[in-house]
Amino acid sequence: MRLPAILILVLVTGGFGPAATPLSPEQRRLTLDSFEYVWATVRDKHWDPKISGVDWQAIHDELRPRIEAAQSIEEARQIVAAMLERLHQTHFGVIPASAYDAIGDSPTNDTSNQGKTGIELRVLSGHAIVGSIAQNSAASEAGVQTGWEVVRVANTDIAPLIAQIAAADGSGRLTDTMAARAVRTRLDGSTTSEVAVEFSDISGKRITKHLSRRVESGDLTTFGFLPPMVVSFEAKKLRGGEEYIHFNLFLKPDLVVTRFGEALHDCGHCPGVIIDLRGNPGGLGAMAMGMAGFLISQPDQVLGTMYMRSLPIRFVIFPRPEVFEGPVAILVDGSTASTSEIFAGGLQDLKRARVFGERTAGAALPSRIERLPNGDGFQYAMANYISRSGRQLEGNGVIPDVNVPADRKALSEGRDPVLEAALRWLQTETKPRVGAQHKLQDGAGEVAVVPKASRTESRGPVSLENPFPRPAARLGR
Amino acid sequence: MRNIICAHIIALVAVVASPAADLKTGDAVLDNYVEATGGAASYAKIHNMVMKGSMGMPAMGLKGALTIYAAEPNKISLVTDLAGVGKITEGSDGTNAWSHSAMQGPQLKKGEELADSLREALFLKETQWRTVYKSAELTGIEDLEGKAVYKVVLTPKTGAPETQYYEKATGLMIRHQSVRKTAFGEIPVDVTVGGYRKECGAVTMPHSVTQSVAGQKIEMNVDSVDCNGELPADAFQPPAEVKALINKQ
């Protein structure tokens with residue numbers, strides 16, 4: 001089962017944690033046990049028996065004395081993280097035990113640490129840019145606008161933070177994703193708490209907003225040892241009749257897969273479907289297969305193959321009884337990762353979807369999360385993944401059919417060039433039919449949402465707004 | 001690996017035997033455990049079964065409820081409801097076999113995978129194993145985790161051979177291994193069986209199954225077994241999406 005590559009953040013930002021907590025004798029024993037567990041798991045379960053050519057035993061022998069001498073839980077955790085970093089692969093990391101504090105007998109009811117500002121970030125040329133803003137969020141109500149740069153969050157200056165992450169990411173390919181997540185964790189916090197955020201608009205003018213974090217709309221869900229996360233799903237008709245679908249995670253299949261199927265059913269003979277996977281870090285790999293089944297009618301098709309040490313497992317698609325056969329556009333960016341890449345890359349390989357945007361994160365290793373003796377979570381990749389075309393997604397990502405670079409100026413104008421490119425393509429694929437009320441033209445304000453008579457409240461609110469309004473639009477995610 | 005869940009069924013509905021000594025053939029090992037645990041007559045009194053319990057993947061923190069309905073001659077429905085995953089259904093109505101979940105959608109099994117599922121669905125497989133297997137060969141007595149076991153290789157009429165291990169001292173089947181040909185590929189499955197208790201009057205059954213597949217352990221524990229009760233009318237009906245696929249055939 002694939003899980004989001006959420007732990008990259010832990011690897012990179014370990015130095016920003018709370019004050020060190022000294023180790024008790026029992027904690028020292030548990031920490032050593034955890035170190036050995038992590039090391040042995042990689043030795044025994046890494047899909048490559050040669051562990052990608054690194055001398056794993058030598059790394060153990062080098063770091064074991066350091067873990068024995070560690071003076072705090074945090075220091076020990078950083079040593080384990082450093083050991084995993086030597087693999088230079090995604091989906092290896094440690095989740096601090098504190099991340100599980102919210103998990104109790106009723107984890108899905110605990111939202112105390114789920115406070116969000118509503119800001120979705122893009123990191124462009126080393127700058128954290130507001131890419132989209134959730135409706136009815138603190139950021140939208142405070143008048144935050146897309147295209148603004150996040151300069152400072154509370155006491156943290158963002159530029160040096162991003163520089164530090166860039167320095168730690170030797171390959172550079174994950175810097176943007178990691179930096180966006182690092183800033184996001186500083187924006188997030190406990191529910192009802194407030195955070196001061198300093199922005200710079202496109203002209204360089206500094207603006208400070210005090211944002212009261214709140215629980216974002218969606219369903220709080222847990223999956224195994226993954227910390228609780230809010231899953232949201234949005235489907236709406238654009239003015240040309242196209243169906244626009246966005247969801248933030250491949251989790252909670254009874255919600256996301258079910259609504260995905262409903263949205264495609266509603267689309268019927270509409271001009272096409274746009275699936276927005278920008279910013280989607282992935283989740284359960286099996287959901288990629290299940291959702292592809294709504295789009296592929298031919299049996300025995302695969303998205304790709306997962307190669308474990310002992311066996312390959314095909315990511316096979318089981319066609320649904322009712323399959324949407326119209327054109328499909330998938331929107332991606334550098335934060336599109338993991339299961340999102342499997343889904344987008346597989347459908348691209350099958351010539352079933354056309355991909356728009358920027359090269360994806362290239363963080364696509366199937367992984368698991370287990371709990372360590374000291375209570376920390378441990379995520380490890382147990383397989384490699386090769387897309388249907390034979391392409392390794394890890395390190396390479398999905399290369400869009402139509403490359404549309406992120407553009408701060410467009411964001412600041414409330415435009416979404418990636419969405420616009422997809423809509424232009426859909427127009428060439430088919431003439432608008434059901435639901436089409438206005439012919440698409442380029443530019444802000446000319447693509448709008450039309451109400452769907454068949455939609456029910458259970459599928460979430462239907463926006464009647466233009467998808468490009470400022471500041472509450474979801475753009476450039 | 002939804003289909004692999006079905007591999008448990010053979011263990012969950014298996015009836016085990018009292019100690020067997022000096023057994024010379026696979027047939028003798030299999031027949032002996034049937035006789036020693038109540039005999040064919042006791043099996044014949046059971047026409048259906050409902051098992052309820054739990055299923056989990058402890059290493060990943062996944063757990064949930066498990067319900068199995070089984071009835072003669074070869075109907076079965078296994079439903080798990082895992083937190084964060086939702087319901088996963090595996091079933092057979094005696095003709096079709098399927099799996100279904102919100103996560104992966106409906107699968108109507110074909111070919112060897114269908115044959116495997118129908119074989120596993122055979123309700124009284126312990127007494128009727130000859131109807132689905134060509135042979136049972138005793139390949140030797142081995143040491144398995146400190147226990148002397150009979151190793152029996154069963155060759156089905158359709159599909160790949162399976163290996164079962166019967167404890168010599170007790171006659172209980174404690175492990176079985178097979179390679180399942182599935183839509184996902186050929187998946188080795190290694191199942192450890194235990195927790196034997198008497199149910200349905202006179203038959204001893206295993207109540208715990210640990211399955212190792214693709215490096216993961218899946219645990220199933222049965223808390224209750226009810227025999228010969230009234231089953232829900234739709235117990236073996238395929239989910240609507242599967243039914244639609246059947247109708248499209």
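## A covered helix in chain A

Helix H7 of chain A is mostly covered, with 11 of its 13 residues buried. The structure described here is a predicted model. The buried residues of H7(A) are A:Thr175, A:Asp176, A:Thr177, A:Met178, A:Ala179, A:Ala180, A:Arg181, A:Ala182, A:Val183, A:Arg186 and A:Leu187.

## Chain A as a whole

Chain A contains 12 helices and 23 strands. Of its 477 residues, 53% are buried. Contacts in chain A between residues at least 6 apart in sequence can be sorted by separation: 73% of them join residues at least 24 apart.

## A sheet of three strands

One open sheet of chain A has 3 strands in the order S16-S15-S21, with antiparallel pairing. Its edge strands are S16 (312-317) and S21 (383-387), each of which pairs on one side only. On average, neighbouring strands of this sheet are turned by 25° against each other, direction ignored.

Helix H9 (residues 285-292) of chain A packs on the sheet and touches S15 and S16 of chain A. The direction of H9 makes about 35° with that of S16(A).

How many bridges join strand S15 (residues 301-308) of chain A to S21(A)? There are 5, and the two strands run antiparallel. As an example from S21(A), A:Ser387 is the bridge partner of A:Gly304.

## Where chains A and B meet

In the contact between the two chains, 32 residues of chain A meet 25 residues of chain B. Several elements of chain A each supply at least two residues of the side that touches chain B: strand S10 (219-223), helix H8 (253-267), H9, S16 and strand S19 (367-371).

## A residue of chain B

B:Ser178 lies in strand S10 (residues 173-182) of chain B. Is B:Ser178 buried or exposed? B:Ser178 counts as buried because it has 23 C-beta neighbours inside 10 Å, and the cut-off for a buried residue is 20 or more.

B:Ser178 and B:Val50 are 128 residues apart along the chain, and their C-alpha atoms are separated by 25 Å.

Methods:
Residues are numbered from 1 along each chain as its sequence is written. Chains are lettered from A and ligands numbered from 1 in the order in which they are written. This is a predicted model: local features need pLDDT of at least 70, side-chain atom pairs count only at pLDDT 80 or more; totals for chains, interfaces and linings use all residues. Two strands pair if DSSP finds at least two bridges between them. Helices (H or I, at least four residues) and strands (E, at least two) are DSSP runs, numbered from the N terminus. Axes are lines fitted to C-alpha atoms, for helices over the stretch in contact, and angles run from 0 to 180 degrees between N-to-C directions. Two residues are in contact if their C-beta atoms, placed from the backbone, lie within 7 Å. A residue is buried if 20 or more other C-beta atoms lie within 10 Å of its own, exposed if 12 or fewer, and partly exposed in between; C-beta atoms are placed from the backbone.
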